[in-house]
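Please keep the sequence and the coordinates in view while reading.

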Amino acid sequence: MKQIVIISGKGGTGKTVITGALAALAENKIMVDCDVDAADLHLLLQPKIRQRHEFICGKTAVIDPGACTKCGQCLAACRFQAINGKYIVDPIDCEGCGLCARVCSSDAVKLVDNKAGEWFISDTRFGPFVHAKLGIAEENSGKLVSRIRQAARDIAKQRGSDYIIIDGPPGIGCPVIASLTGVDLALIVTEPTTSGLHDAKRIMDVARHFNVPVKLAVNKYDLNPEMTDEIENYCKKADVPVVGKIAFDRRFVEAMVAGKMIIEYDAQAAGEELSGIWQALKD
Ligand code: SF4
Ligand code: SF4
């Protein structure tokens, strides 16, 4: 079983549309959306949720008003100003450090599990799909990414799947690292702009740090052929194979609006190029 992650180093490169198309082309696979802060692959896959799980991460303090003597010890101790003058904890500010519970001599503070989001196992017309939704203002998206990747590996083992296709988050932060670690290959999708090249370089460095082999595809390459040349030259020097160049095509947007994969919407739209990219990844 091989794990392939599609990443971009920045948002807005068309990564998810390309991930969706590659996932549709791959046979016997599990799909995972690791962009848990702003998941959107489900818009194309239209999943039917089979299993729903809570993502518990960390603790939140809760003060029992019946037991609280309003002595003020916890308020003075909390370094995150999470407790207000009425001795109510704001769960958004609370870091779950537990100091308030330690200083409270009335045993009025309890630390309860923090429900930080949900994750799902779903059926789609292209096969099983594992995805998640991080709660509003919640952190620890890297842990949630690791959780859903583990779930995908378990399903892949049970089913004897050949591939896990992962839609990675943008950027180079914690959830990206959690998406990259242990994969067999990373495909970087970039666009022909200065920032596209800059962010592709950064994500290449991160992937190399984790010993992940990298290939690259340029989306909307024809909008700036000079910058596309610059990206290709850089990749040549960096020994990163450029496995595809996809031209700008309004049908990509139309397909998204219709909630379809591009290859479903119009097989002629970049069909050959996307098949070529998938073949290069398989090779
Ligand atoms: S330390 Fe305990 S008793 Fe004192 S104000 Fe805080 S919760 Fe109430
Ligand atoms: S657990 Fe820590 S952060 Fe949360 S209210 Fe208590 S002292 Fe403040």
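This is a predicted model: local features need pLDDT of at least 70, side-chain atom pairs count only at pLDDT 80 or more; totals for chains, interfaces and linings use all residues.

The shell around ligand 2 divides by class into 11 nonpolar, 2 polar and 1 charged residues. This shell comprises 14 residues, of which Ala61, Cys78, Cys94, Cys97 and Cys100 are the closest to ligand 2.

Lys70 lies in the loop that runs between strand S3 (48–63) and helix H3 (73–77). Its backbone deserves attention, for Lys70 has a positive phi of about 60° although it is not a glycine. Most residues other than glycine have a negative phi. Is Lys70 buried, partly exposed or exposed? A residue is buried at 20 or more C-beta neighbours and exposed at 12 or fewer; because Lys70 has 14 of them inside 10 Å, Lys70 counts as partly exposed.

The discussion now turns to the protein chain as a whole. The chain has 283 residues, and 45% of them count as buried. Its secondary structure consists of 11 helices and 9 strands. The C-alpha atoms fill a box of roughly 70 × 40 × 35 Å along the principal axes. Among the contacts with a separation of 6 or more, 76% are between residues 24 or more positions apart.

How is the chain divided into domains? Domain 1 takes in residues 2–46 and 125–282, whereas domain 2 covers 57–115. The contact between these domains takes 4 residues from domain 1 and 4 residues from domain 2. On the side of domain 1 that touches domain 2, there are 1 nonpolar, 2 polar and 1 charged residues. The centres of the two domains, taken over C-alpha atoms, are separated by 42 Å.

Cys34 belongs to the loop between strand S2 (29–33) and helix H2 (41–45). Apart from neighbours within four places in sequence, Cys34 is in contact with Val145, Ile148, Arg149, Ile166, Asp167, Gly168, Pro169, Pro175 and Ser179. By contrast, 16 Å separate the C-alpha atoms of Cys34 and Ala21, which are 13 residues apart along the chain.

Helix H7 spans residues 194–209 and has 16 residues. From first C-alpha to last, H7 reaches 23 Å, close to the 22 Å expected at 1.5 Å a residue. Which residues of H7 are buried? They are Gly196, Leu197, Asp199, Ala200, Ile203, Met204 and Ala207. These residues lie on the same side of H7 because they cover an arc of only 165° around the axis. Thr194, His198 and His209 are exposed on the other side of H7. The partners against which the buried residues of H7 pack are strand S1 (2–7), helix H6 (174–180), strand S7 (185–190), strand S8 (214–219) and helix H8 (225–238).

After H7 comes Asn211, with a positive phi near 60°. Asn211 is placed in the loop between H7 and S8, and Asn211 is not a glycine. Asn211 counts as exposed, because 9 C-beta neighbours lie inside 10 Å and the cut-off for an exposed residue is 12 or fewer.

Helix H11, residues 271–282, has 12 residues. The distance from its first C-alpha to its last is 16 Å, close to the 16 Å expected at 1.5 Å a residue. The buried residues of H11 are Glu273, Leu274, Ile277, Trp278 and Leu281. They cover an arc of only 135° around the axis, which puts them on the same side of H11. Glu272 and Gln279 are exposed on the other side of H11. Against which elements do the buried residues of H11 pack? These are S1, helix H1 (15–25), S7, S8, strand S9 (242–246) and helix H10 (262–265). S1, S7 and S8 also belong to the elements against which the buried residues of H7 pack.

Methods:
Residues are numbered from 1 along each chain as its sequence is written. Chains are lettered from A and ligands numbered from 1 in the order in which they are written. Helices (H or I, at least four residues) and strands (E, at least two) are DSSP runs, numbered from the N terminus. The expected span of a helix is 1.5 Å times one less than its number of residues. The arc is that of the directions from the helix axis to the C-beta atoms. Two residues are in contact if their C-beta atoms, placed from the backbone, lie within 7 Å. Domain bounds come from an automatic or database domain assignment. Ala, Val, Leu, Ile, Met, Phe, Trp, Tyr, Cys and Pro count as nonpolar, Asp, Glu, Lys and Arg as charged, and the others, Gly among them, as polar. A residue is near a molecule or strand if its C-beta atom, placed from the backbone, lies within 6 Å of it.
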